[in-house]
Amino acid sequence: MKNKIILSLIFGVLYACGVNAQSLNRVKPDSLFAIISDNNKGMMSVAISKNDSVLYQKAIGFASINDQGKVPATIHTRYRVGSISKTFTAVMIFQLIEKGKLSLNDPLAKYFSTIPNADKITVSNLLNHRSGIYNFTNDPAYLQYMTQPKSQTEMVEIIAKNKSDFEPGTKFEYSNSNYVLLGYIIEKITGKTYSENLDQRIVKKLNLKETYIGTKTDLKKSESYSYRLNGVWIQQPETDLSTVAGAGAVTSTPTELNIFITALFKNKLVSPTSLTLMKTLTEGYGMGLFQVPFGQKKGYGHNGIIDGFVSNVFYFPEDDLAVSICSNGVSYPLNDVLIAMLNSYYQVPFTLPSFKTIALKPEELDIYPGIYSSTMLPIKITVTKTTNGLIAQATGQGPFPLSASEKDIFKYDGAGIIMAFDPSKNEFILKQGGRNFLFTKEK
């Protein structure tokens, strides 16, 4: 439920924020989503809320695309939100801690003794990804069973079969295994399913109508399939959500994600003490939350990736502002969409994207290939000419195609990358997320 895109940014410190806005001008964001939709660059639903009041909602694209037709997405279309589920799980763990049902210092062995190092791993280690438990979704075998239902016993056996990656508490390493086990701990303590706990402890408390543990996609429930763009939108296989459980099984909408994150920060779900622990970062991650900057503002939340779904929810306490986005097909960086939405709220000017491309002759591409390095980033980027044009590949990551938008300017819309070449100097400027990085061709 994590992906690698070159220099992938959740947010960067990109713009200085303006004065707080009490309302939002719809014209600029409406134009943005029209451009994305008209150019077939994404299918998504978004929401911005302040003090529990919805300021902006928008849905573009389709919940379903097949030979029989298309089902348009609406603001009530429901999406799998992937690892945002971890924040829901963390909230329920802290609710149980506040009731005295468990402790942050409880050893995992108290609940699942077969996990390697279970006697050394604490609930705290699971919450902040410092357990050393191998991430089962990294195992190639996961792709063979991800669409099949799995019981708690089967998943514990899968997680237990791998050795620890490191000694508990010594470092941070993101692992879906941690939150699958935390979900099972909730079930063991309460004697109820994760779904029943979610309904009782969060959904009913907040009067949510579109948030629950998903099963097989059902269009009659306003649920959406997910897609990958390869010329046309191709439907992706469905993960059986029993395999990801407390790490990624929640289905929701942007508006209800905003209600949830706002309630969390207003202490309607956990105590101020618990929230402080959730927000306290160790190597960039708290306990079910991480921090994102926007100018001088700091937000908290989580993102999620599962199948072809990509989702984000963030809350900015200083302004009581929540912003969420759920996508079931994306070929344009959601980071840029989120930044544009925040710019709209904070009344910061931003440039609408252009997807214009030009065709260059094969011989015109000969001046660009090479291996480029930078003093600003610890990676190299190899640019290669193929029969279809140019491709680029960063150290340790997959190749991506480059499209010319004008002479010496190439882009990759899938990650919001622009590469501005200066062949006379054998260099290019990599632009992404409002930041510029100089790369020079190696001799």
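A residue counts as buried under 20% relative accessible area, as exposed over 50%, and as partly exposed in between. I write this down before anything else, and I note that I am working with a predicted model.

Entry on Ser271. I looked up this residue and found its place in the loop between α9 (254-265) and α10 (272-279). I then looked up Pro423, which is 152 residues from Ser271 in sequence and lies 58 Å from Ser271 in space, C-alpha to C-alpha.

Entry on two helices. I turned to α1 (residues 27-38) and α11 (residues 334-346), which pack at an angle of about 160° with their axes 9 Å apart. Because angles over 145 degrees count as roughly antiparallel, I describe α1 and α11 as roughly antiparallel to each other. I also recorded that the crossing in which α1 passes α11 is right-handed. On the α1 side I listed Lys28, Pro29, Leu32, Phe33 and Ile36 as making the contact, and on the α11 side Val337, Ala340, Met341 and Ser344. Sorted by class, this contact between α1 and α11 has seven nonpolar residues, one polar and one charged.

Entry on the cores. The largest nonpolar core has 105 residues, and the members that touch the most others are Leu108, Ile115, Leu127, Ile202 and Leu264. I noted that α11 gives the most to this core, with nine residues. Apart from this core I found another, of 22 residues, including Leu402, Ala415, Phe421 and Phe428. Lastly I followed Ile115, which, leaving out residues up to four places away in sequence, touches Leu108, Ile133, Val156, Ile159, Ala160 and Leu181.

Technical notes: Residues are numbered from 1 along each chain as its sequence is written. This is a predicted model: local features need pLDDT of at least 70, side-chain atom pairs count only at pLDDT 80 or more; totals for chains, interfaces and linings use all residues. Side-chain values use heavy atoms; hydrogens and water are left out. Axes are lines fitted to C-alpha atoms, for helices over the stretch in contact, and angles run from 0 to 180 degrees between N-to-C directions. Helices (H or I, at least four residues) and strands (E, at least two) are DSSP runs, numbered from the N terminus. Angles under 35 degrees count as roughly parallel, over 145 as roughly antiparallel, 65 to 115 as roughly perpendicular and the rest as oblique. A crossing is left-handed if the near helix is turned anticlockwise from the far one by less than a right angle, and right-handed if clockwise. Contact means heavy atoms within 4.5 Å. Ala, Val, Leu, Ile, Met, Phe, Trp, Tyr, Cys and Pro count as nonpolar, Asp, Glu, Lys and Arg as charged, and the others, Gly among them, as polar. A nonpolar core is a set of buried Ala, Val, Leu, Ile, Met, Phe, Trp, Tyr and Cys residues joined through side-chain atoms within 4.5 Å. Buried means under 20% relative accessible area, exposed over 50%, partly exposed in between (1.4 Å probe, protein chains only).
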